[in-house]
Amino acid sequence: MTKTKRLILILADQLSWQQPVLLDSSPDTDTLVFAEVIEEATYVRHNKHKIAFLLTSMRKFAAEARNKGYPVRYFTIDKQVKTLLEALQNTLGTQQIFDQIHVCEPGEYRLKHEILTWSDRLSLPVVLHEDTRFLCSHADFKTWADGQKSFRMEYFYRGMRKRLNILMDQDKPVGGQWNYDADNRSGWRNKDTVPERIKFVTDEITQTVIDTVDAHFSDHPGDLSQFHYATDAIEARAHLEQFIRVFLPRFGQYQDALAEESTTLFHGLIGLYLNAGLLEPLEVCQHAEAAYRAGNVPLAAAEGFIRQIIGWREYVRGIYWYHMPRYATLNTWSADTPIPTWFWTGKTQMRCLHKSIQQSLDTGYAHHIQRLMVIGNFSLLTGLSVSEVCDWYLAMYVDAYEWVELPNTLGMALNADEGIMASKPYAASGKYIAKQGNHCQQCPYDPKLTTGPKACPYNSLYWRFIDRHLERLTKNPRMSLITGQWRKRAEDERDSIVRWADQVLDRIESL
Ligand SMILES: Cc1cc2nc3c(=O)[nH]c(=O)nc-3n(C[C@H](O)[C@H](O)[C@H](O)COP(=O)(O)OP(=O)(O)OC[C@H]3O[C@@H](n4cnc5c(N)ncnc54)[C@H](O)[C@@H]3O)c2cc1C
Ligand code: SF4
């Protein structure tokens, strides 16, 4: 019996032998296609770090496939294929060698729906596989979500802990609690030093890609002289092992901290590897659990870290696919102010924003609190355009794909999703940023002042946000304390704060 000959398309964020299409593939019958496609790299101005990371990792993965004996068709960026479809058409040519095309589903609604049209356009069956590397299938998420009045992550997470048997003592959570957040979240008080990370050496493949990216994407953000990411599964595992040994013990403690001295603190820096396939989520969590059970990591740190992966990561993906395409159109607070030009240069005097944006531009990385409470919070308070902010985040980060970027930005940071993800906006004044770290000490603005030229802009903007949306926020029981405080203030005091905030907004370009 002749075997089915399959053409397997591997997308740049599917570089794993555990992905469903490769699990049952064979070099005897299957040809792999990889394409560095200009359209995918330029529909937003992706950070050069992201492009360099993905192209290098893809070239190395393709080399591994060749070593395993697979026939490989690889389109490098200078071949100028504009779309994935064009790469497939080019591979198929006029010969009728293949019976089917197989592809694992992409992380973006737009592309998934485009792929569904390929069968007709290529006159060949195109089989789309669900991405089984995620720990919660679309069907499982739907079953959970259909039964919920509100989509709170915490309940989803508990279900995942039980189902995956992670940090469980039979049917009870280890230590008796599901969540140890109360033990985490210290501010940064300059009392600790952050150890150095492994910097991976730039080999020949990486250097060739760096040169290519610098040449093709010169107007994109990113300083590739600072490129030190892992670019294959072996390096990513070395990075993970160092993280678990050296950084994880203090991950929880400094999870919400902001520091002048460190761009990464004790975070994992693993989002890019998980999202591109270089690390598997279950393996990462089991590794962290083993470190806790061996007595090397406190429970609060291990639990906090694992929650990010089997909780938040799976949850935001579920939210994305459950609510798309409507999700991308939501804009609860009617936010439409254009983003300031300094989002693309980092040139603002506001120290916390300057530091967070500059490192994002330079390296494609900012940790969660920078993304949420510094840049996201500012965007929420100033009413920046939801679509512009989402595009900015998608462009900026080395781990950004729409399935994870959109719910985090539109839902969590901008609270624009009608409360699907968060029961209250993550809005905060400069006092929160002052509490979490030491940026304010280097800032010309003062987090204790609300009005006047030296006042921290977050403060008046915070109250302006409350004032502008007072009616809506008052209906939210979790905001009633704050709206009550605002109402109790004298009218002329409220007026002067809001008037000052309006002036701040008028000067947004020069803050
Ligand atoms: C506005 C905004 C935009 C974001 N955009 C992205 C994005 O494009 N891609 C992305 O992977 N994450 C995104 N996040 C979530 C989170 O900030 C990053 O996953 C994290 O900062 C990556 O750095 P890390 O690997 O050091 O994470 P760590 O702090 O070490 O956390 C470990 C892992 O947990 C997972 N995780 C943690 N929080 C989240 C979350 N809220 N959603 C999904 N996964 C989570 C990630 O895989 C992360 O690598 C965004 C968050 C916000 C507030
Ligand atoms: S004073 Fe305000 S703007 Fe300056 S670093 Fe502190 S929070 Fe940021």
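A residue is called buried here if 20 or more other C-beta atoms, placed from the backbone, lie within 10 Å of its own, exposed if 12 or fewer do, and partly exposed in between. The model is predicted, so local features need pLDDT of at least 70 and side-chain atom pairs count only at pLDDT 80 or more, whereas totals for chains, interfaces and linings use all residues. Residues are numbered from 1 along each chain as its sequence is written, and chains are lettered from A and ligands numbered from 1 in the order in which they are written.

**View 1. Helix 17, residues 402-413, is mostly covered.** Helices are DSSP runs of H or I with at least four residues, strands are E runs of at least two, and both are numbered from the N terminus.

View 2. Asparagine 415, with a positive phi near 50°, follows helix 17.

**View 3. The shell around ligand 2.** Of its 14 residues, Cys352, Gly430, Cys440, Cys443 and Cys456 come nearest, a residue being near if its C-beta atom, placed from the backbone, lies within 6 Å. Helix 14 (351-363), helix 18 (430-436) and helix 19 (457-468) each supply at least two residues of this shell, and the largest share, three residues, comes from helix 18.
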